[in-house]
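Let's take a walk through a protein model together, starting with a pair of helices and ending with some charged partners. Keep the viewer open as you read.

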Amino acid sequence: AILLLLAVGIMAGCSVSRKNAGTVPPRSLPPVVIPSKEEAKKQSEILFDTIVWKDVTPAELPSKTAEDPVKTHDERKGGDDINSPASPFFGRAGKSIRMLLVAPFESEVMDSASLFAGERFVQFYSGMCIALKEYEQRAGLAANLQVVNETTPDAFALKLQSLSGNPPDCIIGPYGAEALKWAGEWARSNKRVLVSPWISSSKIAESNPSYLQVKAELAVHYQQIEQHVRTNFSAGQVFILAKSKDDSRLRYFNQRGPAAGEELIIPATEMASGTENLLDPYFHKSQPTVLIAPFSSFSDEDYIYHLLRRISSEKGDRKVIVYGTYRWLDFKPDVLDYLNQLNVRLSVGNLIDPHNDEVQNFRKKFFAQFKMYPWNDAYEGYDLANFLLSQYNSEKYDPTVQPFLQTKFKIERKPRVADPGMTEYYENTYCRIVEMSNYRFNMLD
């Protein structure tokens, strides 16, 4: 495996001292902007020229010291509590930290799509580097970041096995679901923290209180939508869409009593058909109509497009409000146009305010170092590094520490179904409801 070893410093003791960028959420935010694949190819050459790849054996990695032994199962009694003294997430003030970042930086297939995808992770890595450098400037405590290029799950498994005798304190990644499951087993066996910054799923980790999922799973976004709908509308105004009875998501919207609205089943073929006024009979004349569309995979893209197209052509002067998830922002441009034209509300976990002073300072630092402007991935890497380092240097989880540029961290334990007293994993459940207007996001809660 290709391995990059970067030794930088971190700050000991307290949380990040810079101004809290997220205390007062901005009221108007821009949409996600991603460079074209052609531009990514050009930009990737800049960032890759700033780092040097080298092969590193486990013996070359900084070793654990005698004062920081690996805890046994008995020593970690109570470790399922994130604030337990035995928790692997905290209580490392004054000690060095070793992190391992695993992502598909390079691909054997050198097409434009692969270059574009790889650039995302180089941006994420570069954001982390800036955060680590800031800690070095504030204190002299070392942190080591090893970066592994993710190829196949089998190759990654062999790499982790080679590190078992001298494991890092924290693994960030990998990106692939199969490799992430394997990493979860390894982290649990070696009692090390595993952080998933990209994949959000309740099926990845089992009985693993050392696993932290950075982005909320879809069920959390559905809960956020349900709460917002119940607060602002009566059940008689609300329809919860489904493509079929088997595809029903109704169970996600009855967590606080009776269903938040009536289920409306419209098959994909019918939604895409030329049938006129398919939705018209459901639109109220004297009050807003609310449609919850809990579809989030790329296979739902056409369904969402035709849904929004029909609303635009059939609603007339009646007010129709649609609720969806952040994944719609990755759909084709036609969907984004409808998000701007209609009353569409999305549950999202990451937003960037370009007018925020801290965001502007970060852009300047990033450009000064890499001669290009950061993508959203760079902000995510920067925020995650700051979160991990600040919490590692705390005695327990402190939710008031929110010095972040594009998100907040609201860490909650996910109890095991069979034994609610024990922890399945931990998850950042932070998300907000936003609405787009003039291609800018407005926070609604």
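Which residues in α9 meet A378, Y379 and Y382 in α10? They are V359, F362, R363, K365 and F366, where contact means heavy atoms within 4.5 Å. Before we go on, this is a predicted model, where local features need pLDDT of at least 70 and side-chain atom pairs count only at pLDDT 80 or more, while totals for chains, interfaces and linings use all residues. Residues are numbered from 1 along each chain as its sequence is written, and side-chain values use heavy atoms, leaving out hydrogens and water.

Two packed helices are described by the angle and the distance between their axes. Here, the axes of α9 (residues 357-370) and α10 (residues 376-392) come within 12 Å and cross at roughly 105°. So α9 and α10 are roughly perpendicular to each other, a label for angles of 65 to 115 degrees.

Now for the charges. A salt bridge puts a side-chain nitrogen of Lys or Arg within 4 Å of a carboxyl oxygen of Asp or Glu, and the whole structure has 14 of them. One of these joins D377 and R120, at 3.1 Å from N to O. D377 sits in α10 and R120 in helix α2 (residues 112-138), 257 residues apart. D377 is buried at 6% relative accessible area, while R120 is partly exposed at 23%; buried means under 20%, exposed over 50% and partly exposed in between, using a 1.4 Å probe and protein chains only.

Helix α10 also holds E380, which forms a salt bridge with K215 at 3.4 Å between the closest N and O atoms. K215 lies in the loop between β7 (211-213) and α5 (218-232), so this pair ties together parts 165 residues apart in sequence.

How values were computed: Axes are lines fitted to C-alpha atoms, for helices over the stretch in contact, and angles run from 0 to 180 degrees between N-to-C directions. Helices (H or I, at least four residues) and strands (E, at least two) are DSSP runs, numbered from the N terminus. Angles under 35 degrees count as roughly parallel, over 145 as roughly antiparallel, 65 to 115 as roughly perpendicular and the rest as oblique.
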